[in-house]
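Let's take a walk through this structure together. Keep the 3D view open as you read, so that you can pick out each residue as it comes up.

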Amino acid sequence: MKIGKLTNEQLSKLVLSRLPSLSSSTLVGADIGADCAWIDLGDQMMVISSDPVTAGGMESGTLTVHVSCNDIAACGVKPSGILIDIIAPPSCSEEDISRIVEDASAEACKIGVDIVGGHTEVSESVNTFIVISTAFGLVSKEHAVPLGHAREGDSLIVTKTCGIEGTYIAVKEHAHKLSGIDSALIREAEGYSSLISVVPEGTVCGNMTSSSGETNERGYKLGAADLLHDVTEGGILGASYEMAHISNLGIVVDETKIPITEATEKICETLKINPFRLISSGSLLIASPEPQRVLEALHDAGIMACEIGRFTPAEEGFVRIDKNSREAVELTPPEADELYGM
């Protein structure tokens, strides 16, 4: 099988179709594009998500806190706790394990999340660090929740720029391939770890109730965003496809509007990878019927954001506007992330 995430078809066939039915206390469970489960706890709801870091190398401690906490933030909820499992290769040293833990602890402190447990072992089954994090957040039932799917006509908004996490990993793990790039751009990319959290923008969206006063079928107040999705493996294009797929809609994504830094652009050109398909924790995709209101709230919070597309009727399919040709072409499903081709 190919390295990386399963295709949507494989995920449906090999995993989702084989899961048991959900109990009545699970409001949202596993699905394509659904990164978090919502659990009814009575007076509160728990939002929970789990994610691995498989290609982060010695940067895995920094990255692992954000990949799962970002999923919680993409529900408009502030994460409160996290568990971390570390599977270390026999070639590692005790100092390597300590660094992973210290880096994770530093990031957890920055975003105000507790590390409450986990597991650590050395295994011959791996030849590099595998670090898995499970994050959760608790919210009152009075808290606004996303609808859970985009609606026809919703705008697609992205925060920050594309390829943030992938650029950071590339410059840390593949520096020897980047000697021709200006040193100032390399230093800039080395600082992208500070951009990987989407907790700030998720919190902004989570605090915005729909101006229409709408509620979902369970009576929960809806937010100004119908659907939030943090951008991980497969990049901006892959995450956009997933949002449309889970919503049973079509989508148009305009690559000419996707923001990209010079550092990311130069590094991707050098490594011959597509920045729009590159893992990008740090970017949050937002489907909203009130784009101007959401953009103003994000900008007021000091968060860069812009519109890059819209959701269309299902029969119009998945479309992207190619950055180079400016022509409309098919937006294909996410496959193995560009990171694995470095």
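Predicted model: local features only at pLDDT ≥ 70, side-chain atom pairs only at ≥ 80, totals over all residues.

Two packed helices are described by the angle between their axes and the distance between the axes. Start with helix H5, residues 183–190, and helix H8, residues 262–271: their axes come within 9 Å and cross at roughly 105 degrees. Angles of 65 to 115 degrees count as roughly perpendicular, so H5 is roughly perpendicular to H8.

Which residues of H5 and H8 meet? From H5 come Leu-185, Glu-188 and Ala-189, and on the H8 side they meet Glu-262, Ala-263, Lys-266 and Ile-267. Sorted by class, this contact of H5 with H8 has four nonpolar and three charged residues, with no polar ones.

How many cavities of 30 Å³ or more does a search of the whole structure find? The search finds two.

The largest cavity has a volume of about 50 Å³. Its lining consists of 11 residues, and those nearest the centre of this cavity are Val-145, Pro-146, Cys-205, Gly-206 and Gly-223. By class, the lining of the largest cavity divides into eight nonpolar and three polar residues, and no charged residue takes part.

The second largest cavity holds about 40 Å³ of space. You can find it by selecting Lys-5, Leu-6, Asn-8, Glu-242, Pro-334 and Glu-335, which line it. The lining of this second largest cavity has three charged residues, along with two nonpolar and one polar.

Key
Residues numbered from 1 in each chain as written. Heavy atoms only, no water. Axes fitted to C-alpha atoms, helices over the stretch in contact; angles between N-to-C directions. Helix = DSSP H or I, 4+ residues; strand = E, 2+ residues; numbered from the N terminus. Parallel < 35°, antiparallel > 145°, perpendicular 65-115°, else oblique. Contact = heavy atoms within 4.5 Å. Nonpolar A, V, L, I, M, F, W, Y, C, P; charged D, E, K, R; others polar. 1 Å grid on protein atoms, 1.4 Å probe; cavity = no way out; pocket = protein on both sides within 12 Å on 5 of 7 lines; lining within 4 Å. Points joined across faces, edges and corners; volume = space filled by probe spheres on them.
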